[in-house]
Amino acid sequence: MTAHEYDLLIANGTVIDTDAKTELKADVAVKDGRVVKIEQGIPKAQAAKVHDATGQYVCPGLIDMHTHVYWGSTYWGIEADPLAAKTGVTTWVDAGSAGAYTFPGFRRHIIERSKARIFSLLHASAIGLTARTFELTLDEWVDVDMAVTTIEKNRAYIKGIKVRMDRDATNGTGLRGIERARAVSERTGLPLMIHVGLAPPSLDDMLHLLRKGDILTHCCTGLSNRLVDNQGDFLPIYHKLREKGIVLDLGHGSGSFNFESAEAMLKNGCIPDVLSSDLHQVSRSVNVYDLPTTLSKYLNMGVPLPEVIARATSAPADLIKEPELGRLKRGLPADIACFRLQDGEYTFKDAANNERKASQVLVNTLTVVAGEILEHSEESETHPWVLRDLATVAALDEKDCC
């Protein structure tokens, strides 16, 4: 039997170039885990497997910059691979589920056993997000030395430091969490991701501790640390953050995305630098569901598809310094996601259950990691504490999330 020239051929699709932010009708050929050819008319007989992408968009695998995938050991964690296979996410960046005490388990049982790629933002608190909140409460948990030691032993996986700076997470400890996170950053050279929601502390209180390249997540919140006022204009803090070179991450979540804030920012010319889901056990069930749904909200706000895809692929790839990811080019890893734009009548919700009607939604048709098609599998049943808290999710929304 003649060996096939390609392991996989994705034929007849529209390829998204996330650097140029353009579309191209082309086939994509994969061999030994890498993209080897992007052009029209590649013979199907030359491939061992063929995916007919007629009417579909062929994109780099999505990179979800803010997620929680430490399943089974934290309040928030979802399962990475079952969701990756049906959403086109080939790389998860877990935003602080693990701290110094819990990262070894996260690496062994989640990162090293998953087919999807997984990176981490190490939590400034050594216990991470084992519980729903209050992780900064005890001084001894916010351990700079242990965080630095953990990072140095796991440089290939840890891409930054996460700290939640809202009323509940700080629990009366003021700026201690971000001050120690800053100390970890200065000793390791890694950026911070700062979660905001309800003050205290306020963004103005924290501004002096932020540096160029740090990431503000939940940038479209409708809570007290929002970036726009009630008239839809930017507050002064927005301009101060931009002057400092702070990256804006969407981090939708079950309590952190507000349509009025997002629409006002868009009206003023601002799309978040990164579009991420903050997908976790609660948001999976109430208003986020997955990253394609989050991206669809921006499509229906009028942002072009290549722009939307770029902010969930090449933009986060650059932030985590993995430039071979988030791009669909010859010679790069074959992390690929195919989507169709499905027409219909849809209703999207934000954290406060405000609704927007929509006419299109992105639907994943294929997910490929390093040339391997991820097969669909069932997610485990929802954890009992999530079922309990879903009954009072409105209260969670008012407190923001993770």
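1. Basis. The model is predicted, so local features need pLDDT of at least 70 and side-chain atom pairs count only at pLDDT 80 or more, while totals for chains, interfaces and linings use all residues. Residues are numbered from 1 along each chain as its sequence is written, and side-chain values use heavy atoms, with hydrogens and water left out.

2. The sheet. Seven strands form an open sheet in the order S6-S7-S8-S9-S10-S11-S12, with parallel pairing. Strands here are DSSP runs of E with at least two residues, helices are runs of H or I with at least four residues, and both are numbered from the N terminus. Two strands pair if DSSP finds at least two bridges between them. The edges are strand S6 (62-67) and strand S12 (247-249); each has a single partner strand, so one side of each is left without a neighbour in the sheet. From one strand to the next the twist averages 25°, with axes taken as lines fitted to C-alpha atoms (for helices over the stretch in contact) and angles running from 0 to 180 degrees between N-to-C directions.

3. Strand S10 (residues 192-195) pairs with strand S11 (residues 215-217) in the parallel sense, over three bridges. The bridge partner of His195 in S11 is Thr217.

4. Helix H2. This helix covers residues 103-111, and its residues Phe103, Phe106, Ile110 and Ile111 are buried. Buried means under 20% relative accessible area, exposed means over 50%, and partly exposed lies in between (1.4 Å probe, protein chains only). Seen down the axis of H2, the buried residues fall within an arc of 75°, so they line one face of the helix; the arc is that of the directions from the helix axis to the C-beta atoms. Pro104 and Arg108 are exposed on the other side of H2. The buried residues of H2 pack against strand S7 (89-95), strand S8 (117-123), helix H3 (144-153) and strand S9 (158-164), where contact means heavy atoms within 4.5 Å.

5. Nonpolar cores. In soluble globular proteins, nonpolar side chains tend to be buried together. A nonpolar core is a set of buried Ala, Val, Leu, Ile, Met, Phe, Trp, Tyr and Cys residues joined through side-chain atoms within 4.5 Å. The largest one has 83 residues, of which Trp92, Leu227 and Tyr298 touch the most other members. Leaving aside residues up to four places away in sequence, Tyr298 touches Cys220, Leu250, Phe257, Ala262, Ile271, Pro272, Leu275, Val303 and Val308.

6. Salt bridges. A salt bridge is a side-chain nitrogen of Lys or Arg within 4 Å of a carboxyl oxygen of Asp or Glu, and the count comes to 25. In one of them, the closest N and O atoms of Arg34 and Glu324 are 3.5 Å apart. Arg34 lies in strand S3 (residues 34-39) and Glu324 in the loop between helix H12 (314-319) and strand S13 (336-349), so the pair ties together parts that are 290 residues apart in sequence. Arg34 is partly exposed, at 34% relative accessible area, and Glu324 is partly exposed too, at 37%.

7. Further charged groups. Arg311 and Glu307 meet in a salt bridge of 2.8 Å, N to O, and both residues are buried. Arg388 and Asp389 form another, with their closest N and O atoms 2.8 Å apart. Here Arg388 is exposed, with a relative accessible area of 53%, whereas Asp389 counts as buried at 10%. A network of salt bridges links Asp17, Asp19, Asp318, Arg327 and Lys329.

8. Backbone details to check. Most residues other than glycine have a negative phi, and most peptide bonds are trans. A cis peptide bond joins Ala199 and Pro200, with omega about 5°, and a cis bond also joins Pro200 and Pro201, with omega about 0°. Pro200 is in the loop between S10 and helix H6 (203-206). Asn12, in strand S1 (residues 6-17), has a positive phi of about 70° and is partly exposed at 36% relative accessibility. Asn171 has a positive phi near 50°; Asn171 lies in the loop between helix H4 (167-170) and helix H5 (176-188) and is partly exposed at 37%.
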